[in-house]
Amino acid sequence: MAERADLIVVGAGPGGSAAAYYAARAGLSVLLLDRQEFPRDKPCGDGLMPHAAEEISLMGLGDWLDEPRHGKFSGFSIYTQTAYLRQKVPPTLHGPHGYVAARQETDARLLGRAQEASADFRSGVRATRLLRSPAGNVIGVEAASNGENLLYEAPLVVAADGVGGFAGEGMKAHQNSVARRQYFRNVSGPNREDLHVFITKDMNEHGAGYGWVFYFGDGRANVGAGVSTKTLARTGRNLKDFFDRFLEEPEMAGWLEGAEPEGPAKSWSLKMGMWGAKRSTQGLMTVGDAASMIHPISGEGVGYAIESGRLAASFAHEARARNDYSASLLKGYATQLRRQRAREHLSGYALTNLVPNLRMMEPFFKACEKDPEARRTLVEGFTGDAPVYSLLKHPKTLGKAIATAARSR
Ligand SMILES: Cc1cc2nc3c(=O)[nH]c(=O)nc-3n(C[C@H](O)[C@H](O)[C@H](O)COP(=O)(O)OP(=O)(O)OC[C@H]3O[C@@H](n4cnc5c(N)ncnc54)[C@H](O)[C@@H]3O)c2cc1C
């Protein structure tokens, strides 16, 4: 016999656990399904921008974030081909710190909070399709576990299945980036209170990408690199090749001289920028990566996954209270999410598509070295706290950069 709930959430990453947590706290019976056993690893940079840390704190994990094994960063060191930009985290609404916490632990903690709020979690259960009534309304999910076919019934489903896309129906947009990371011990770079970001020639000659070193508090570091799928297509190279060459960059090679890798490098794909995905329809909402909520410039998605999960839960609550699971009610979720995030996401997405390679930005990076205000805005564009067109507020620096670019043509 099928099990019933008010809400089924597919996927127990940050987006799904947040949706399950907030919906269960609002009094809904929630079934949370994940195809994997937890704790599970998720390839990630493990960086939590201030707004993401705030979302995690709102879920009752602020003290956990402050535990010393996690990294706590207060600034950025950005290395480009011609410039070195060091900037404190802009003291926006969300505070002057971010964190670096391993996803294996973060996701298990968030899931724990959903369970404490009484969401019913089933691991090893892979959702295979949405179930519909003869009239076409969502009535639940079909799933598979250990070769067994399972049915779960609910009038509302939240798809939080990351790049999975189980819900089909044209909800998902295609991936447009790939990234790879590896853990190391004893990385010997400077300024452990910064996130280190490398905009290298290799990754930006024919597209866009960056490498990173994010330090934990326990002496380990997350080292990674990500490039757009366009970059792969234009160069005919694969992600592993970009990652390996990043580790060989002179600066990185020096930092890694005495370092020991901890486990293999792991890759995953991303859909960066809110463009192209459909986030709601009758009986269904998508959150996190399933809803294309990854920031188009930084590639960060944990905070947006939690934020969208929180918002989806409030619409789940509203839908149950009115017994209305129509597309028109749930559209409010997609509209509100767009209102909150579209400025930063769509302008960043436009920039990454308009600028054929980030090398074109070098004169601007160089000019930012001497203009702290422009540098701060640049970093706010990266942390998701400002749309990239805020750079227009710095006409002098922009003008200087354009003049330099024109001279070097
Ligand atoms: C290399 C790399 C580095 C990154 N660095 C950062 C960073 O530093 N900071 C940051 O904020 N973001 C980063 N991101 C992005 C971030 O990892 C994602 O945005 C984040 O994981 C999104 O969370 P989510 O809950 O939407 O999906 P996920 O975390 O992917 O969770 C989806 C869950 O759904 C489950 N699932 C999938 N299909 C099914 C199914 N059919 N049935 C049941 N369960 C299913 C999966 O097992 C998984 O547990 C990075 C991404 C990559 C690839």
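**View 1. Burial and overall dimensions of the chain.** Buried residues make up 52% of the 409 residues in the chain, where a residue counts as buried if 20 or more other C-beta atoms, placed from the backbone, lie within 10 Å of its own, as exposed if 12 or fewer do, and as partly exposed in between. The model is predicted, and local features need pLDDT of at least 70, side-chain atom pairs count only at pLDDT 80 or more, and totals for chains, interfaces and linings use all residues. Residues are numbered from 1 along each chain as its sequence is written. Because a compact globule of 409 residues would have a radius of gyration near 22 Å, the 21 Å of this chain agrees with that expectation; the radius is taken over C-alpha atoms, and the globule rule is 2.2 Å times the number of residues to the power 0.38.

**View 2. The largest nonpolar core.** This core holds 123 residues, of which Leu7, Ile8, Ala19, Val30, Val157 and Val158 touch the most other members. The helix α8 gives the most to this core, with ten residues. A nonpolar core is a set of buried Ala, Val, Leu, Ile, Met, Phe, Trp, Tyr and Cys residues joined through C-beta atoms within 7 Å. In soluble globular proteins, nonpolar side chains tend to be buried together.

**View 3. The surroundings of Ile8.** Leaving aside residues up to four places away in sequence, Ile8 touches Leu31, Leu33, Gly140, Val141, Tyr152, Ala154 and Val157, contact meaning that the C-beta atoms of two residues, placed from the backbone, lie within 7 Å.

**View 4. Domain 1 beside domain 2.** The chain is divided into domain 1 (3-46 + 103-174 + 273-350), domain 2 (177-268) and domain 3 (356-407), with bounds that come from an automatic or database domain assignment. Five residues of domain 1 are in contact with eleven residues of domain 2. On the domain 1 side, the touching residues divide into two nonpolar, two polar and one charged. The C-alpha centres of domain 1 and domain 2 lie 30 Å apart.

**View 5. The shell around the ligand.** Among the 42 residues around the ligand, Gly13, Gly45, Gly162, Gly288 and Gly301 come nearest, a residue being near if its C-beta atom, placed from the backbone, lies within 6 Å of the molecule. Domain 1 and domain 2 each give at least three residues to this shell. By class, the shell has 17 nonpolar, 15 polar and ten charged residues; Ala, Val, Leu, Ile, Met, Phe, Trp, Tyr, Cys and Pro count as nonpolar, Asp, Glu, Lys and Arg as charged, and the others, Gly among them, as polar.

Note on methods:
Helices (H or I, at least four residues) and strands (E, at least two) are DSSP runs, numbered from the N terminus.
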